[in-house]
Amino acid sequence: HRAAVEGTGAVLTVAEPLPADDVVLTCRAQAVALFAERPVGSPRNVWAATVGAVEGDRDRVRVRLDGPVPVTAEVTPAAVAELGLRPGAPVWAAIKAAELAATPR
């Protein structure tokens, strides 16, 4: 089941049938995985993005991604250091289809 991201041309795969033609896709920030290079494996939704902002909060860091799928990821401080996450940095993002929820707009 596929849903287009409004205004970007990106298409995301979701595990469940879409409940309507016009939906809002959501996921937990922890479900967004970040990579230095394009990942291979089971995630059906993979795209190149740019880090828009990095905000620390104790042992978790929220990373806002700009690009075809604007989303926020939540990662550890170690991941921020390992991936060199800072505003303007390129990164690959992935979300498994089962992690996306579609609700009617």
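## A walk from a hairpin to a pocket

In the hairpin of strands S6 and S7, Gly-67 takes a positive phi near 140°, and four residues lie between the strands. Before we go on, please note that this is a predicted model, in which local features need pLDDT of at least 70 and side-chain atom pairs count only at pLDDT 80 or more, while totals for chains, interfaces and linings use all residues. Residues are numbered from 1 along each chain as its sequence is written, and side-chain values use heavy atoms, with hydrogens and water left out.

S6 and S7 pair in the antiparallel sense over five bridges; two strands pair if DSSP finds at least two bridges between them. Strands themselves are DSSP runs (E, at least two residues), numbered from the N terminus. Val-71 in S7 is the bridge partner of Leu-65. S7 is mostly covered, with four of its five residues buried. Here buried means under 20% relative accessible area, exposed means over 50%, and partly exposed is in between, with a 1.4 Å probe and protein chains only.

Arg-60 and Glu-74 form a salt bridge, with their closest N and O atoms 4.0 Å apart. Arg-60 lies in S6 (residues 60-66) and Glu-74 in S7 (residues 71-75), so this pair ties together parts that are 14 residues apart in sequence. A salt bridge is a side-chain nitrogen of Lys or Arg within 4 Å of a carboxyl oxygen of Asp or Glu. Glu-74 counts as buried because its relative accessibility is 17%, whereas Arg-60 is partly exposed at 35%.

Another salt bridge joins Arg-64 and Asp-66, whose closest N and O atoms are 3.3 Å apart. Arg-64, at 40% relative accessibility, counts as partly exposed, and so does Asp-66, at 33%. Elsewhere, salt bridges that share partners join Glu-6, Asp-22 and Arg-105 into one network.

A search of the whole structure finds six salt bridges. One of them brings together the side chains of Arg-28 and Glu-99 (3.9 Å, N to O). Arg-28 sits in the loop between strand S3 (23-26) and strand S4 (33-35), and Glu-99 in the loop between strand S8 (90-95) and strand S9 (101-104), so the pair ties together parts that are 71 residues apart in sequence. Arg-28 is partly exposed because its relative accessibility is 49%; Glu-99 is partly exposed too, at 33%.

Next, look at Thr-13 in strand S2 (residues 11-13). With a relative accessible area of 13%, Thr-13 is buried. Its side chain makes a polar contact with the side chain of Arg-2 (3.3 Å). A polar contact is a pair of N or O atoms within 3.5 Å; within protein, one must be able to donate a hydrogen and the other to accept it, and residues adjacent in sequence count only if both atoms are side-chain atoms. Leaving aside neighbours within four places in sequence, Thr-13 is in contact (heavy atoms within 4.5 Å) with His-1, Arg-2, Arg-44, Asn-45, Ala-97 and Leu-100.

Our last stop is the largest pocket, with a volume of about 350 Å³. Of the 19 residues that line this pocket, Ala-4, Val-5, Val-23, Val-24 and Leu-25 are the closest to its centre. Strand S1 (2-4) and S3 are the elements that give two or more residues to the lining, and the largest share, four residues, comes from S3. On a 1 Å grid over the protein atoms alone, a pocket is an open set of points where a 1.4 Å probe fits, with protein on both sides within 12 Å along at least five of seven lines; lining residues have an atom within 4 Å of a point. Grid points are joined across faces, edges and corners, and the volume is the space filled by probe spheres set on the points.
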